[in-house]
Amino acid sequence: MECPWSIGQFALVYDSAHTPNPPRNLDELEAYVKQNPGTFTISNDFSGMTLLKSFLAELSGSPEGLNGPFDEEKYNQLSQQLWDYINRNKQYFWKEGTTFPKEHTKMDQMFASGELGISFGFGEGGIEEKVRQGLFPKTTRAYAWDNGTILNANYLGIPYNSANRAGAMTVINFLISPEAQFQKAHVDGMNSNTVLEIDRLPDERQQKFEAAPKRMYAPEMETLSQKAIQEPAPEYMIRLYEDFRTEVIEQ
Amino acid sequence: MNSKQSYIGLIFFILIGVLPFASAFIYALLYSFGIVGIVNDGFTTRFWAEVFASGEFFKSFAYSAVIAAVSVVISVSLALWLTLKFRKEFDQKFLSFIIYLPLAVPGVVAGFFTFQLLAKAGFFARLAYQLGWITEARQFPDFVNDQYALGIILTFITVVAPFFVLLFLNVYKNERVQELEELSYSLGANPRQVLWRVSLPVILNKTWTLIALYFIFLLGAYEVPLILGQESPQMLSVLIIREIKQYDLSKVSEGYVVAVIYTLLVSLAAVLLFSRQNRTAHEL
């Protein structure tokens, strides 16, 4: 059994002071890395694979290209194009593409130190907190890919063999209550979007949500969500992760 | 009374030393054959075949062995040189403090330290930038996450060399190497002969088991290559953890296959090492 808890969109991150016009599609990215060699890379983890899913969708020709159940033939064809694209350009990536960062946190560090010009992250780029902490410069911005970036929800689940189903449901009821969702969405808190439809809440609650302080640096999800892609079937992620290693890293 | 005490000692040894290791090994073995594990459904040699077919393990093993060997050889040479050259100076408190300080630094801290110093946006890169030697971060040479594992080897040497200095200094004293040297001189040996025929053989003969154990220790190091290594090839422990934590739960067993092979190889090496020469380690 499961219940949605948060929703967020993956976004690309750049420093507007250094990169006034960040790339918004694969062609522009190719031009960008050639002009700024060494300042782009793909972390070999969940975040990096989420970026690759957006790339794969662009190669399919539309934001809906990966919708539906996993399609082996489609995957093979599109992923081959993707690996060709990356291998063709990786000489302009960080460390000439000879290796890739293990974790996305490392990319954050390198973005903060100026070694990377483009980064990415979940939750509309995940930049609000890092700018407020002073890790990222105040000119940091986040944006969606022209063909869209992944918009996905995360869920609370109860395992089938749970020993205390009623207790778990009580906790979940609390976590999706307007009070808890308001706290979770607060910019000074987790800063992660509510899954509730605010205009269906009682007036008093609606006003509270609307009066809450807004983000100062990260975009609101509504401004990105016209360029959103549905989360593709999980097999795409598993295959991308395996093949990114054999087709790119080990080449 | 005496036999009762040794009986209790044996029980403790089995409880603390043998049991956890043996149960972990058996668990890994069962997992590698698909007998345990949530998504596994019964005995299969599929995972073993897969690991042998992909060849990644052997590449990783060779890579780890080269890094460990290079690190140990350089550390031992450096420590021998320091011991023989600056023996007297180490009696000073300050100098011995400086040289032994790295012994107190955990691997993960040493790894981060190297990263902060040598990364392309690290301390030395910033220094080079201020001095005008480089104009962009990416021009700084590759020392961390690099192809030749320079960062890993450098960190291993910093952590391991002080230990060897300490060891060699003790052996030098306990084995009365100085007196042996003086004797050789009085019998007409030249400095080169004293070094190669007397000092080095005496010291190395007493310590080679520990040197070999350090090689095994570095072979299985985790934190330092995790922070400073690259994505391919990876050192053994990093590879094992990656396989065990991968997204595709149906392939988790491959990690246990690698862990089992590695454990067998290292145990075999340790048994060979100690069965041949079991006196030096506890005599020290």
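Two residues count as in contact when their C-beta atoms, placed from the backbone, lie within 7 Å. In this predicted model, Phe164(B) touches Ser75(B), Val76(B) and Ala79(B), leaving aside residues up to four places away in sequence.

Phe164(B) also belongs to the largest nonpolar core, which has 54 residues. Together with Phe156(B) and Phe168(B), Phe164(B) touches the most other members of that core. Helix H7 of chain B, residues 150-174, supplies the largest share of this core, with 15 residues. Apart from it lies another core, made of 47 residues and including Leu12(A), Leu29(A), Phe40(A) and Ile86(A). In soluble globular proteins, nonpolar side chains tend to be buried together.

Chain A holds an open sheet of three strands, ordered E3-E2-E4, with antiparallel pairing. Strand E3 (118-121) and strand E4 (140-143) of chain A are the edge strands, each pairing on one side only. From one strand to the next, the twist averages 30°. Strand E2 of chain A, residues 11-15, is joined to E3(A) by four bridges, and the two run antiparallel. Within E3(A), Ile118(A) is the bridge partner of Tyr14(A).

Two helices of chain A cross each other: the axes of helix H2 (residues 46-60) and helix H3 (residues 72-89) come within 9 Å, at an angle of roughly 110°. H2(A) is therefore roughly perpendicular to H3(A), since angles of 65 to 115 degrees count as such. The crossing of H2(A) and H3(A) is right-handed. Where they meet, H2(A) contributes Leu52(A), Phe55(A), Leu56(A), Leu59(A) and Ser60(A), while H3(A) contributes Leu78(A), Ser79(A), Gln81(A) and Leu82(A).

Methods
Residues are numbered from 1 along each chain as its sequence is written. Chains are lettered from A and ligands numbered from 1 in the order in which they are written. This is a predicted model: local features need pLDDT of at least 70, side-chain atom pairs count only at pLDDT 80 or more; totals for chains, interfaces and linings use all residues. A nonpolar core is a set of buried Ala, Val, Leu, Ile, Met, Phe, Trp, Tyr and Cys residues joined through C-beta atoms within 7 Å. A residue is buried if 20 or more other C-beta atoms lie within 10 Å of its own, exposed if 12 or fewer, and partly exposed in between; C-beta atoms are placed from the backbone. Two strands pair if DSSP finds at least two bridges between them. Axes are lines fitted to C-alpha atoms, for helices over the stretch in contact, and angles run from 0 to 180 degrees between N-to-C directions. Angles under 35 degrees count as roughly parallel, over 145 as roughly antiparallel, 65 to 115 as roughly perpendicular and the rest as oblique. A crossing is left-handed if the near helix is turned anticlockwise from the far one by less than a right angle, and right-handed if clockwise.
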